[in-house]
Amino acid sequence: MATPRLSNDRWVAEQYKTPRNLNARIQLHKRFSTNPYAWLHWVFDHLRLAPGMRVLEIGGGPGGLWQENRHRLSPQIEIFFTDQSTGMIAQALSLVGDLRQFAFAAADAQALPFAGASFDVVIANHMLYHVPDRKRALAEIRRVLKPTGNFFAATNDHTHMQELRQLAESFLPVPSHLVAPQETSPTERFPFDVATQELSQYFGQLQLHLYHNALVVTDADALADYMLSGITAPLPEEVEAGFRHRLSERIRADGAITVTSASGLFEAATAE
Ligand SMILES: C[S@@+](CC[C@H](N)C(=O)[O-])C[C@H]1O[C@@H](n2cnc3c(N)ncnc32)[C@H](O)[C@@H]1O
């Protein structure tokens, strides 16, 4: 009998217990992106942080945004770093816990443990598509944001990494519930059109900044690690070895596998 797909909540809890899976995905982007200006530097530029600001990151994962930009951070900015996974908080602490302006807390985006109107900037980088009740999370974000504050939400559009679905179908001879173990894929949950519609219910001003990029991948194992990072149960050894072999044959034949990357950053403000 086929194993049922995991509920989204269980998949998220398993997937982000530690930073391991996410790191495989971050590495692929770091090594093979065609845009020479790194995503996390680009996101940081848009935040326009200034001394005296109070900043909240929700679902901050391993803390890459701050680690990658630590030398650009004024010590006069207070940063509250949160994630629902204590494994992620531990990793973030190990990366930027030495900076005294940071406070760390495990927190669910749907019930933020902060007073109303307490932040100048709130950041949700590639995480809202995982939140079960996004309306509750957006209401919480709006509540904790000062009336003059800005909210930044990064997400991916429909076409993001679309070639990988096709590669999995052609090269992975296993049932689809193993390849895509969630009920619905994150990309289908919060693409640009859905994000525009949902965010505009909570924020009067909305702007989408596009990050222009593609991945030209020349390392089959790095691509396999990325694709297998979403699978909760390990594949049989011979299936995985065959998959890696087919990817490397494709790269040898074509020189590289090119993958669409379609990420963007929404900037939202409450003011009309
Ligand atoms: C794709 S990762 C992104 C991490 C980080 N923002 C980045 O871009 O590297 C999603 C993160 O959201 C966290 N997360 C998922 N659902 C959450 C929720 N309801 N509340 C808080 N964090 C959540 C996960 O634990 C995970 O660390």
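His126 sits in the loop between E4 and helix H6 (134-144), in a model that is predicted. Although His126 is not a glycine, its phi is positive, at about 50 degrees. Its surroundings hold 20 C-beta neighbours inside 10 Å, and because a residue needs 20 or more to count as buried, His126 counts as buried.

A positive phi is also found at Ala117, where the angle is near 50 degrees in a residue other than glycine. Ala117 belongs to the loop between strand E3 (102-106) and strand E4 (119-125). With 14 C-beta neighbours inside 10 Å, Ala117 counts as partly exposed.

Val96 is part of helix H5 (residues 86-96), and it counts as buried because 23 C-beta neighbours lie inside 10 Å. Leaving aside residues up to four places away in sequence, Val96 touches Gly63, Trp66, Gln67, Arg70 and Phe102. Of these contacts, Trp66 is 30 residues from Val96 in sequence, while the two C-alpha atoms are 7.0 Å apart in space. Glu188, by contrast, is placed in helix H9 (residues 186-189) and counts as exposed, since 11 C-beta neighbours lie inside 10 Å. Between the C-alpha atoms of Glu188 and Val43, which are 145 residues apart along the chain, the separation is 22 Å.

| Residue | C-beta neighbours inside 10 Å | Class |
|---|---|---|
| Val96 | 23 neighbours | buried |
| Ala117 | 14 neighbours | partly exposed |
| His126 | 20 neighbours | buried |
| Glu188 | 11 neighbours | exposed |

The next topic is helix packing. Two packed helices are described by the angle between their axes and the distance between the axes. Helix H2 (residues 20-32) packs with helix H11 (residues 220-228) at an angle of about 140 degrees, the axes being 8 Å apart, and H2 is therefore oblique to H11. The crossing in which H2 passes H11 is left-handed. On the H2 side the contact is formed by Ala24, Arg25, Gln27, Leu28 and Arg31, which meet Ala222, Leu223, Asp225 and Tyr226 in H11. Sorted by class, this contact of H2 with H11 has five nonpolar, one polar and three charged residues.

H11 also packs with helix H12 (residues 237-254), where the axes come within 9 Å and cross at roughly 130 degrees, so that H11 is oblique to H12. The crossing of H11 and H12 is right-handed, whereas H2 passes H11 in a left-handed one. From H11, the residues Ala220, Asp221, Leu223, Ala224 and Leu228 meet Glu240, Phe243, Arg244, Leu247, Ser248 and Ile251 in H12. The contact of H11 with H12 divides into seven nonpolar residues, one polar and three charged. Leu223 is listed in the contact of H11 with H2 and again in the contact of H11 with H12.

Which residues are closest to the ligand? They are Tyr16, Gly59, Gly61, Ala109 and Met127, in a set of 20 residues that surround the ligand. By class, this shell has eight nonpolar, 10 polar and two charged residues.

Conventions: Residues numbered from 1 in each chain as written. Predicted model: local features only at pLDDT ≥ 70, side-chain atom pairs only at ≥ 80, totals over all residues. Axes fitted to C-alpha atoms, helices over the stretch in contact; angles between N-to-C directions. Helix = DSSP H or I, 4+ residues; strand = E, 2+ residues; numbered from the N terminus. Parallel < 35°, antiparallel > 145°, perpendicular 65-115°, else oblique. Left-handed = near helix turned anticlockwise from the far one by under 90°. Contact = placed C-beta atoms within 7 Å. Nonpolar A, V, L, I, M, F, W, Y, C, P; charged D, E, K, R; others polar. Near = placed C-beta within 6 Å. Buried ≥ 20, exposed ≤ 12 C-beta atoms within 10 Å, placed from the backbone.
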